[in-house]
Amino acid sequence: MSNQNILEINQISKNYERKIALSSLSFIVEKGELIALIGPSGAGKTTLLNLLATILQPDSGEVIVDGKPITQYADQKKRAKKIGIIRQQFDLVGQLAVIHNVLAGRLADWGFFKSLFSLFIPQEKQVAMKALERVGLPDKAYERTSNLSGGEQQRVALARLLMQKPEIILADEPVASLDPARADDILDMLTKIAKEEHQTVIASLHSVEYARKYFTRLIALKNGELFFDLPAEHVTDEQLQDLYQLKELK
Ligand SMILES: Nc1ncnc2c1ncn2[C@@H]1O[C@H](COP(=O)(O)OP(=O)(O)O)[C@@H](O)[C@H]1O
Ligand SMILES: [Mg+2]
């Protein structure tokens with residue numbers, strides 16, 4: 001049986017020179033949770049996501065992924081099965097056709113050349129077309145990726161994630177560059193797919209409104225520390241005001 005706790009974050013700290021970005025942070029994530037990371041700019045959200053993505057290493061503390069220290073997932077293939085990342089710039093290759101970018105979801109499994117030539121493997125092409133259908137872009141498969149709008153490119157990134165099928169999806173401000181209608185669309189799709197595939201999501205968000213609408217648990221960071229960690233429906237307006245230190249309108 002696999003572990004119910006897909007992630008355990010144990011007292012991780014991270015400093016940049018003299019600046020404390022995360023201070024002895026701990027929390028546990030169960031499989032299938034949809035977590036929004038919120039908090040003011042500079043709170044440590046990106047640092048935390050980069051630590052979970054192994055782009056950064058903590059100064060102290062430990063991250064346990066599915067029962068094993070994250071450092072034991074040094075093998076890229078094994079790591080890609082566990083953890084996938086959507087970044088703000090989506091990491092798509094603009095000059096390539098959409099379907100190539102989708103097939104790149106298999107990159108860790110296959111290596112670069114097989115991914116590049118995977119268009120000639122009919123089965124894989126079908127899987128990629130299915131992924132594009134699921135995100136509503138089947139007719140764009142052979143378009144140059146850079147010709148697509150921001151919202152469409154974010155859908156391509158989701159289709160690529162469908163090919164990779166990681167157990168944990170990390171997303172740093174996945175909708176920051178989109179207008180509200182597109183942002184709604186992407187978050188709706190991301191959380192729907194994650195539920196269907198029993199994936200766990202941790203996404204940092206600027207908008208508390210989206211966090212409450214699409215996510216089940218809100219983890220608020222402030223100055224590198226846990227400010228609150230609550231089911232979305234339990235978070236009060238007062239707590240949010242304290243978090244962002246908004247002035248009361250009176
Ligand atoms: N590369 C870096 N060098 C120095 N300080 C950094 C660096 N990256 C982030 N910081 C600082 O660490 C803190 C946390 O930043 P970050 O994780 O980016 O927060 P958030 O994503 O919540 O805005 C901030 O005070 C930020 O200025
Ligand atoms: Mg950030």
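**Contacts along the chain**

I began with contacts in the protein chain of this predicted model. Among contacts with a separation of 6 or more, 68% join residues 24 or more positions apart. I then looked up the secondary structure and found 10 helices and 10 strands. The protein chain has 250 residues, and 48% of them count as buried.

**The six-stranded sheet**

I traced the order of the open sheet next. It reads S6-S7-S8-S3-S9-S10, and the pairing is mixed. Which strands stand at the edges? They are S6 (83-86) and S10 (225-231). Each has a single partner strand, so one side of each is left without a neighbour in the sheet. From one strand to the next, the twist averages 15°.

I checked what packs on this sheet. Helix H1 (residues 45-52) touches S3 (34-38), S6, S7 (168-172), S8 (200-204) and S9. The direction of H1 makes about 145° with that of S7. Helix H10 (residues 237-244) also packs on the sheet, where it touches S3, S9 and S10. Its direction makes about 160° with that of S10.

I looked at S3 residue by residue. Five of its five residues are buried, so the strand is largely enclosed by the rest of the structure.

S3 runs parallel to S8, and four bridges join them. Alanine 36 has alanine 203 as its bridge partner in S8. S3 also pairs with S9 in the parallel sense, again over four bridges. There, isoleucine 38 has alanine 220 as its bridge partner.

I followed S9 (residues 217-222) onward to S10. These two run antiparallel and are joined by six bridges. Arginine 217 stands opposite proline 231 in S10.

Is H1 mostly covered or mostly open? I found it mostly covered, with six of its eight residues buried. The buried ones are Lys45, Thr47, Leu48, Leu49, Leu51 and Leu52. Just after the helix, threonine 54 takes a positive phi of about 60°.

I then listed the residues around ligand 1. They are Tyr16, Lys19, Ala21, Pro40, Ser41, Gly42, Ala43, Gly44, Lys45, Thr46 and Thr47. Which distances did I note for polar side-chain atoms and oxygen atoms of ligand 1? Threonine 47 has a polar side-chain atom 2.5 Å from an oxygen atom of the ligand. For threonine 46 the distance is 2.8 Å. For lysine 19 it is 3.4 Å.

**A hairpin and a buried lysine**

I moved to strand S1 (residues 5-16), which is joined to S4 (residues 60-65) by five bridges. The two run antiparallel. Glutamate 8 stands opposite isoleucine 64 in S4. S4 also pairs with S5 (residues 68-69), in the antiparallel sense over two bridges. In that pairing, isoleucine 64 stands opposite proline 69.

S4 and S5 form a hairpin with two residues between them. Aspartate 66 lies in the turn and has a positive phi of about 50°. I searched for a side-chain partner of aspartate 66 and found lysine 82, joined by a polar contact of 2.6 Å.

Lysine 82 belongs to helix H2 (residues 76-82). Is lysine 82 buried or exposed? Its relative accessible area is 12%, and the cut-off for buried is under 20%, so lysine 82 is buried. Leaving aside neighbours within four places in sequence, lysine 82 is in contact with Val65, Asp66, Tyr73, Pro166, Glu167 and Ile168.

**Nonpolar cores**

I ended with the cores. The largest nonpolar core holds 49 residues. Which of them touch the most other members? They are Ile38, Val102, Val135 and Phe215. Helix H8 (residues 180-196) gives the most to this core, with seven residues.

I looked up the contacts of valine 135, not counting residues up to four places away in sequence. Valine 135 touches Arg155, Leu158, Ala159, Leu162, Met189 and Ile193. A second, separate core has 27 residues, including Ile9, Ile12, Leu25 and Phe27.

Key. Residues numbered from 1 in each chain as written. Chains lettered and ligands numbered in written order. Predicted model: local features only at pLDDT ≥ 70, side-chain atom pairs only at ≥ 80, totals over all residues. Heavy atoms only, no water. Pairing = 2+ DSSP bridges. Axes fitted to C-alpha atoms, helices over the stretch in contact; angles between N-to-C directions. Contact = heavy atoms within 4.5 Å. Core = buried A, V, L, I, M, F, W, Y, C linked by side-chain atoms within 4.5 Å. Buried < 20%, exposed > 50% of the residue type's maximum accessible area, 1.4 Å probe, protein only. Near = heavy atom within 4 Å. Polar contact = N/O pair within 3.5 Å; in protein donor to acceptor, adjacent residues only side chain to side chain.
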